[in-house]
Amino acid sequence: MTEGREPAAHLDEELRALGWYHYNLTRHAAEALLLSNGKDGSYLLRKSNEREDLYSLSVRGKDSVKHFHIEYTGTSLKFGFNEFSSLKELVLHFANQPLIGSETGTLIVLKHPYPHEVEEPSIYESVRVHTAMQTGRTENDLVPNAPSLGTKEGYLIKQGKIVKNWKTRWFTLHRNELKYFKDQTATEPIRALDLTECSAVQFDYSQERVNCFCLVFPLRTYYLCAKTGIEADEWIKILRWKLSQIRKQVEQHSASSSQLHP
């Protein structure tokens, strides 16, 4: 096999039609995307930056992302010990949710193909809403209503406002709202925080606990702690992305207002 051979044009076309092929997404961007928006078992396919005949399958495990090579030989696709004569065969293999082993010996089930047609965090790449091309509407029309994977939920430890004790609460992030509940089974939130009023999200080292971060609001700063540093980092990344999106929308709104009322 020739090093650096261009992949066949028909394979490239087939790959572009694949919903979870992210073309030239970088390794770092794939990790950031899957850690912030994916879940255990999320995966995507991208071009490898090592060689033209290599592709990378990026898979999210519990708290990290692993990368596996898929090699195009000119007539088949090699993935681990398996060889597939067509992309269709490979896709069918993934549809059966196979297990994949990492070098640490842990097994990951390939469950959730991560689609490229979603609004993606601009801190990793510019926001792309592909449906804009199909509907003729502009990206700005679609961003507020776009089906976004920018949601997250999980347990965090929260400091009380008056009595500074710490309690475990179930948090959900959806659109511009961060809600917290007594636990995962509760139906009514204790409070819903409007992120349009939040001015900053940052790591916090003032607490005796580790993996802490804070959300700064005009009347109160909320102190939260995650179980691991990676988890705290995930929350901070996605919350900061939300704030950047809110600011962008505010700037666009004020810019369009000033054009209407010069």
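## A walk through the predicted model

Across the protein, the mean pLDDT is 79, and 79% of the residues reach 70 or more. Keep in mind on this tour that you are looking at a predicted model.

**Start with the whole chain.** Show the cartoon and you will see six helices and 15 strands. Of the 262 residues, 42% count as buried. Switch to a surface view for a moment: the accessible surface comes to about 14700 Å², and carbon and sulfur atoms account for 52% of it. If you draw contacts between residues at least 6 apart in sequence, 47% of them join residues at least 24 apart.

**Now color by confidence.** Next, select residues 119-148, where pLDDT stays under 50 and the model has 61 contacts beyond four places in sequence. Residues 1-7 also stay under 50, and the model has 18 such contacts for them.

**Select the largest nonpolar core.** This core has 23 residues, and the members touching the most others are L178, L195, V201, F213, L215, W235 and L239. Strand 10, strand 11, strand 14, strand 15 (221-225) and helix 6 (229-260) each supply at least two of its residues. Helix 6 gives the largest share, with eight residues. For a closer look, center on V201: beyond four places in sequence, its contacts are F213, C214, L215, I236, L239, R240 and L243.

**Move to the other core.** Apart from that one lies another core, made of 22 residues, including L45, V59, F68 and F84.

**Stop at R46.** You will find R46 in strand 1 (residues 42-47). Is this arginine buried or exposed? R46 counts as buried because its relative accessible area is 3%, and the cut-off for buried is under 20%. Show its surroundings: leaving out residues up to four places away in sequence, R46 touches Y21, Y23, L25, T26, R27, A30, Y55, S56, S58 and H67. Which side chains make polar contacts with the side chain of R46? One is that of S58, at 2.9 Å, and another is that of H67, at 3.1 Å.

**Go on to Q159.** Strand 9 (residues 152-159) holds Q159. With a relative accessible area of 10%, Q159 is buried. Display its contacts beyond four places in sequence and you will pick up K164, N165, W166, Q207, R220 and Y223.

**Finish in two loops.** Select R175 in the loop between strand 10 (166-174) and strand 11 (177-181). What is the phi of R175 near? The value is near 50°, which is positive in a residue other than glycine. R175 is partly exposed, at 42% relative accessibility. Then jump to N211, in the loop between strand 13 (200-203) and strand 14 (212-216). N211 also is a residue other than glycine with a positive phi, near 60°.

Notes:
Residues numbered from 1 in each chain as written. Predicted model: local features only at pLDDT ≥ 70, side-chain atom pairs only at ≥ 80, totals over all residues. Heavy atoms only, no water. Helix = DSSP H or I, 4+ residues; strand = E, 2+ residues; numbered from the N terminus. Buried < 20%, exposed > 50% of the residue type's maximum accessible area, 1.4 Å probe, protein only. Core = buried A, V, L, I, M, F, W, Y, C linked by side-chain atoms within 4.5 Å. Contact = heavy atoms within 4.5 Å. Polar contact = N/O pair within 3.5 Å; in protein donor to acceptor, adjacent residues only side chain to side chain. pLDDT = per-residue confidence, 0-100. Areas by Shrake-Rupley, 256 points an atom, 1.4 Å probe, with all protein chains shown as cover.
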